Amino acid sequence: MMTLIVVAVVSGALLAGAAWGIYGRLGPRLEGFLIALAGGALILSLVSELIEPAAREVPLHWAMGGVAMGAISFALLDYLIDEVWGGDSGGGLLAAITLDGVPENLALGVALIGAGPMAVAALAGSIFLSNLPEAAGGARDMAKAGRSKGAVMLLWTATAVLLSIAAIVGNVALAGVDPGVLAVIRCFAAGAVVASLATEVFPKAYREDHHLAGIATALGLVLAFLLGELGPG
């Protein structure tokens, strides 16, 4: 039940963000600030909730190899979206939307295995903070491109369902997997998300609000640290 609640809250941020972006008012500077805030929170949470625990389960070179492979995989898929599929095409657009979320939610599901609710508060909270502004900005841009509001909400609803499935699969299907394998999976997911932060999230945040992007990133890191203090880690 706790897994379902956490997954619903995290995926619900996509729907709330999409509705905010379509029907609410979201200035570019506010969007940039929120994206930087979310990125800072997510970076600390990935290190403290995924990479560090994984490095205690497997040799360091395996953990770092997992991070590297995750980053390389994201870079390859990002290249395909931009240069082969086309970022504005239907398939490319859907891939771009889900590429960040699938590793995050898979990692969230894996992190919930054998952990109490407070132990994953930092990761879940950081993913929530990340999903909200990303969905708002993405939905706003899609609506400006001429898509109907109903079609945009339908796409984000489908994406939220897909990411929920990823989290549930990570929690259920991998529950009996060897801890060492789970550790490498966590590192792979972390590497993919870190690469997405470097290539997509932080550049966008700087473009929209370059004066406060650094402050927002630091504030997000502090928030993630405080969330992490709620549980044993």
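Buried means under 20% relative accessible area, exposed over 50%, and partly exposed in between. Keep these cut-offs at hand while moving through this predicted model.

Start by colouring the chain by confidence. The average pLDDT is 79, and 82% of the residues score at least 70. Helix H8 has the highest confidence, at 86, while helix H4 (residues 90-111) has the lowest, at a mean of 62.

Next, select residues 89-93. Here pLDDT stays under 50, and the model has 8 contacts beyond four places in sequence for this stretch. Where pLDDT is low, the predicted coordinates should not be read in detail.

Now turn to the salt bridges; the whole structure has 2.

Select Asp209 and Arg29 for one of them. Their side chains meet at 3.6 Å, N to O. Asp209 sits in the loop between helix H7 (179-208) and helix H8 (213-228), and Arg29 in helix H2 (residues 28-55), so this pair ties together parts that are 180 residues apart in sequence.

Then select Lys204 and Glu208, whose side chains form a salt bridge at 3.7 Å, N to O. Both residues belong to helix H7 and are 4 residues apart, about one turn of the helix.

Is Lys204 buried or exposed? Its relative accessible area is 19%, and the cut-off for buried is under 20%, so Lys204 counts as buried. Glu208, at 23% relative accessibility, is partly exposed.

Note on methods: Residues are numbered from 1 along each chain as its sequence is written. This is a predicted model: local features need pLDDT of at least 70, side-chain atom pairs count only at pLDDT 80 or more; totals for chains, interfaces and linings use all residues. Side-chain values use heavy atoms; hydrogens and water are left out. A salt bridge is a side-chain nitrogen of Lys or Arg within 4 Å of a carboxyl oxygen of Asp or Glu. Helices (H or I, at least four residues) and strands (E, at least two) are DSSP runs, numbered from the N terminus. Buried means under 20% relative accessible area, exposed over 50%, partly exposed in between (1.4 Å probe, protein chains only). pLDDT is the predictor's confidence in each residue, from 0 to 100. Contact means heavy atoms within 4.5 Å.
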